[in-house]
Amino acid sequence: MAATSFTAPWMLRRASRALTFSNSLHINRNLSHSKTPPLSFPLTTSSSLAFSASSICHLAQAIRGNADVLLNTVGDKNTIEEVKRIIEMAKRASSRSEVLHTDFLTPPVLKESMQTLEKLADVKAVAQGGYPQAERCRLSVGHSEVLKSDPDIVAALNITGNFGFQPCSHGDFLGSILGTGIAREKLGDIILQGEKGAQVLIVPELSDYILSSLDKVGNVSVSCTKIPLLALEYEPPRTKSFKAIEASLRVDALASAGFKISRSKLVNLISNGDVRVNWTTVTKNGLTLKTGDIVSISGKGRLKIGDINTTRKGKFAVELIQFL
């Protein structure tokens with residue numbers, strides 16, 4: 001309490017300015033958009049606290065609800081615009097006591113959005129991708145009293161055909177589905193089933209469209225059926241690991257060793273925007289990697305950084321886990 005009393009005067013001034021500015025924004029919005037209610041969140045304090053502590057608490061809540069301030073905490077700056085839209089969606093859903101849903105999000109956008117939404121009072125967020133290992137997920141947001149159960153926002157399709165003699169890759173299925181005219185964000189993961197075909201996660205409202213529109217993947221004629229999510233057949237990804245001794249933990253060094261390509265070729269791939277770390281495009285060769293990072297190269301797959309130990313000669317013994 002001593003610290004609170006010491007900081008109360010200047011915090012009170014900041015609180016007053018913040019709340020005055022917030023009120024003026026609501027007034028301006030009402031004047032220019034009379035049909036749209038202002039977006040606000042309740043500011044809760046304990047009645048037993050002194051006025052100075054209550055004002056500080058109000059200020060903290062006001063800051064927590066400010067989108068620009070929240071965006072400053074986003075670690076992956078490439079996701080800021082998408083995270084900003086999701087924050088506004090969450091505020092709108094909470095203020096109207098409704099539940100809203102995003103399209104399928106990439107892993108970095110999902111991660112940054114979930115971490116940011118945790119700072120908003122009275123907002124709950126639920127991520128769903130159709131199965132536990134899903135990479136691309138949809139996010140449902142709403143007031144914590146309204147979003148009490150998981151919404152049914154992901155559908156599954158089974159795509160079958162004679163793939164025994166003409167195997168098709170993830171890219172073949174993705175290209176054929178997008179070729180029907182739907183946007184990438186409406187499509188979740190694609191789970192390859194070998195000779196049987198693939199299972200696909202999609203927004204429910206487009207299920208019937210794909211059933212009637214998709215008749216071929218590559219050169220293979222296919223048929224599509226709806227299946228329940230419980231019928232999805234998935235396995236943990238197969239991997240193999242090996243050790244590499246490197247002088248640094250730079251992405252060009254470890255990715256070169258992991259994918260078994262020359263350092264100069266790896267640098268060219270980075271320049272072309274083909275290398276991503278944790279699903280974010282790499283722009284600098286000198287980016288330092290750490291345990292748990294995922295490195296992916298277009299057309300070459302993914303690599304995970306495992307345990308890192310320092311050798312007696314000052315180099316790094318790195319476990320590299322390759323996804324098969």
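Me: Are Phe163 and Phe173 buried or exposed?
Reply: Happy to start there, with a predicted model in which local features need pLDDT of at least 70, side-chain atom pairs count only at pLDDT 80 or more, and totals for chains, interfaces and linings use all residues. Residues are numbered from 1 along each chain as its sequence is written, and side-chain values use heavy atoms, leaving out hydrogens and water. Buried means under 20% relative accessible area, exposed over 50% and partly exposed in between, with a 1.4 Å probe and protein chains only. By that rule, Phe163 and Phe173 are both buried.

Me: How many aromatic pairs does a search of the whole structure find?
Reply: Rings of Phe, Tyr and Trp (its six-membered ring) pair if their centres lie within 6.5 Å; planes under 30 degrees apart count as stacked, over 60 as edge-to-face and the rest as tilted. Searching the whole structure gives 2 aromatic pairs.

Me: Why is the pair of Tyr131 and Tyr234 tilted?
Reply: The two ring centres are 4.9 Å apart. Their planes meet at 45°, so the pair counts as tilted.

Me: Which of the labels buried or partly exposed does Tyr131 get?
Reply: Tyr234 has 34% relative accessibility and counts as partly exposed. Tyr131, at 15%, counts as buried.

Me: Which residue lies over the face of Phe242?
Reply: A charge sits over a ring if NZ of Lys or CZ of Arg is within 6 Å of the ring centre and within 35 degrees of the ring normal. At 3.9 Å from the ring centre of Phe242, the residue over its face is Lys260.
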